[in-house]
Amino acid sequence: MADPEQKAKELQQKMKPEDRALAKEALKETDPKVRDKIYNQYVKKATPKRSMLGNIAKAYLVGGLICVLGQGLSNLYQSFGLEKEVAASYTTLSLIFLSVLTTGLNWYQRLACFAGAGSVVPITGFANSVAAPAIEFKQEGWVFGVGCKIFTIAGPVILYGIICSWLLGLIYWIGGQLNIF
């Protein structure tokens, strides 16, 4: 993997002359408002245009393939003689394992860049959101790196999931006491 300076030089060589001139103009400008305006023009010109229909198709394809993989694993586990609920548990664990493994190998990030939201099928996306910060901050140590950063993305999901579950459970319990449910 190329270092950031080398990558910046390669990108600069690929730039069109007028884009290069606009970037240089933005860097030379001393007025922050004008500089921001010029820079925003440069970013707008340099940002690749994406096809919404293409993005939807890729997300649908990859999300569907992840779900087909999950169904295939479930069917495989059931063919081994496991009950449906047990097979579902093994399928969940397998998808989590595969997501963490592909995150560690830096394949999940590439898949996410290609598929966008399609790679965020709930169980695999959640596993990736836990594993990625742990891997990224591992060099800072087990306590201040992995321990502090592992739930930066997943923590709020867990927190609000527990709060919503508790509130719905409370509503269900009250409804049961009042013979509503």
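Predicted model: local features only at pLDDT ≥ 70, side-chain atom pairs only at ≥ 80, totals over all residues.
**Stop 1: α4 and α6**

Select helix α4, residues 52–79, together with α6, residues 107–115. The two helices pack with their axes 8 Å apart and at an angle of about 135°. That angle makes α4 oblique to α6, because angles over 145 degrees would be needed for roughly antiparallel. To see the contact, show side chains for Lys58, Ala59, Val62 and Ile66 on α4. On α6, show Leu111, Phe114 and Ala115. Sorted by class, this contact has six nonpolar residues, one charged residue and no polar ones.

The spacing of such positions can be read against helix geometry: an α-helix has 3.6 residues a turn, so residues three or four places apart point the same way.

**Stop 2: Thr91 in α5**

Move to helix α5, residues 84–104, and pick Thr91. Is Thr91 buried or exposed? Thr91 has a relative accessibility of 8%, so it counts as buried, the limit being under 20%. Its side chain reaches the backbone oxygen of Ala87 at 2.8 Å; draw that distance in the viewer. Next, display Gly70, Leu73, Ser74 and Tyr77, which are in contact with Thr91 when neighbours within four places in sequence are left aside.

**Stop 3: Asn106, between α5 and α6**

Follow the chain into the loop between α5 and α6 and select Asn106. Asn106 is partly exposed, with a relative accessible area of 33%.

**Stop 4: α9 and Gly161**

Select helix α9, residues 154–177. From first C-alpha to last, the 24 residues of α9 reach 34 Å, close to the 34 Å expected at 1.5 Å a residue. Within α9, pick Gly161, which is partly exposed at a relative accessible area of 31%.

**Stop 5: Asn179, after α9**

End in the segment after α9, at Asn179. With a relative accessible area of 69%, Asn179 is exposed.

How values were computed:
Residues numbered from 1 in each chain as written. Heavy atoms only, no water. Helix = DSSP H or I, 4+ residues; strand = E, 2+ residues; numbered from the N terminus. Buried < 20%, exposed > 50% of the residue type's maximum accessible area, 1.4 Å probe, protein only. Polar contact = N/O pair within 3.5 Å; in protein donor to acceptor, adjacent residues only side chain to side chain. Contact = heavy atoms within 4.5 Å. Expected span 1.5 Å × (residues − 1). Axes fitted to C-alpha atoms, helices over the stretch in contact; angles between N-to-C directions. Parallel < 35°, antiparallel > 145°, perpendicular 65-115°, else oblique. Nonpolar A, V, L, I, M, F, W, Y, C, P; charged D, E, K, R; others polar.
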